Amino acid sequence: MKIGVTSHNFKKITAHPGRARHFFVFEEAEGGLVEQRLELPVSQTLHNSHSADHPVQAFDVLITGSCCQNFRARMGRLGVQVIATSEQDPRAAAEAVLAGRPLPEAPDHKHEDHDHHHH
């Protein structure tokens, strides 16, 4: 299982996955989780890129601080399960998902609360 975690600062889980350029990537391996980092250029954020072959498609699960229903639906069409959580620790969140433990829910996120400057 490959788990992506949005983190704008590579320290804690952050929200707004459509604008995220930084991701922790966790994969299960013998002896625990292997951690890598993925950095995308601005042109490849999910908000800006509608490519049929996006790096986030490699994730089985994407953990984020919050997201809107439109984002969940888009990721679902790509085969990526989205989990929005108030958990702050990326590794702890990935370990919980692998163990089948629920994560604390994130506060509601409404798409219309943000001015995204769609063109």
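**Terms and their grounds**

Analyst: Eight bridges join strand E2 to strand E3 (residues 32–39), and the two run antiparallel. This is a predicted model, in which local features need pLDDT of at least 70, side-chain atom pairs count only at pLDDT 80 or more, and totals for chains, interfaces and linings use all residues. Residues are numbered from 1 along each chain as its sequence is written, and side-chain values use heavy atoms, with hydrogens and water left out.

User: Why are E2 and E3 called paired?

Analyst: Two strands pair if DSSP finds at least two bridges between them. Eight bridges join E2 and E3, so they pair. Ala29 stands opposite Gly32 in E3.

User: What makes strands E1 and E2 a pair?

Analyst: Five bridges join E1 (residues 2–6) to E2 (residues 22–29), and these strands run antiparallel. Gly4 stands opposite Val25 in E2.

User: What lies between E2 and E3 in the hairpin?

Analyst: Two residues lie between these strands, and Gly31 in the turn has a positive phi of about 90°.

User: Which residues of helix H1 are buried?

Analyst: Buried means under 20% relative accessible area, exposed over 50%, and partly exposed in between (1.4 Å probe, protein chains only). In H1 (residues 69–77), Phe71, Arg74 and Met75 are buried.

Terms used:
Helix = DSSP H or I, 4+ residues; strand = E, 2+ residues; numbered from the N terminus.
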